[in-house]
Amino acid sequence: MENLTLEQRVEALERAILELKMGPAKPHSNWWETDREPLTPEQLEAFDDMVAYGQYFRKTGKEAPTGWKRGDPIPEPDEEWCPR
């Protein structure tokens, strides 16, 4: 705290006190697990499937065909969906 004004020093101390009062932040590996019970393996798999189907739709502009599964290749978009 060299060359700081009294106001800056007080502000830094107040910030440090507030951080101490709030306690350490809990690390979360996934945003959807904050303030909720952890997802079950089945729920995580369903979430990953949902993300994959969303990626398919965003890339092609169409819903994935019935037999398509997560990990299968996503076809290139057609010209009317994504003109070049």
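The structure is a predicted model, in which local features need pLDDT of at least 70 and side-chain atom pairs count only at pLDDT 80 or more, while totals for chains, interfaces and linings use all residues. Residues are numbered from 1 along each chain as its sequence is written, and side-chain values use heavy atoms, with hydrogens and water left out.

The protein contains 2 helices and 0 strands; helices (H or I, at least four residues) and strands (E, at least two) are DSSP runs, numbered from the N terminus. Of its 84 residues, 12% count as buried. Here, buried means under 20% relative accessible area, exposed means over 50%, and partly exposed lies in between (1.4 Å probe, protein chains only).

Turning to the rings, 2 aromatic pairs were found. The centres of the Y53 and W68 rings are 5.2 Å apart and their planes stand at 80°, so this pair is edge-to-face. For such pairs, rings of Phe, Tyr and Trp (its six-membered ring) must have centres within 6.5 Å, and planes under 30 degrees apart count as stacked, over 60 as edge-to-face and the rest as tilted. Y53 sits in helix 2 (residues 41-60) and W68 in the segment after helix 2, so the pair ties together parts 15 residues apart in sequence. W68 is buried, at 7% relative accessible area, whereas Y53 is partly exposed at 35%. Together with Y56, these two residues form one aromatic cluster.

Charged side chains come next. Side chains of opposite charge can pair when their charged atoms come close. The structure has 4 salt bridges, each a side-chain nitrogen of Lys or Arg within 4 Å of a carboxyl oxygen of Asp or Glu. One of them joins R15 to E11, with the closest N and O atoms 3.1 Å apart. These residues are 4 apart in helix 1 (residues 6-22), so about one helical turn separates R15 from E11.

Another salt bridge connects D48 and R70 at 3.9 Å, N to O. This pair links distant parts of the chain, as D48 is in helix 2 and R70 in the segment after helix 2, 22 residues apart. D48 is partly exposed at 36% relative accessibility, and R70 is partly exposed at 40%. With D49, D48 and R70 belong to a network of salt bridges.

E76 and K59 also form a salt bridge, their closest N and O atoms being 3.4 Å apart. Here E76 lies in the segment after helix 2 and K59 in helix 2, 17 residues apart. E76 is exposed at 57%, while K59 is partly exposed at 32%.
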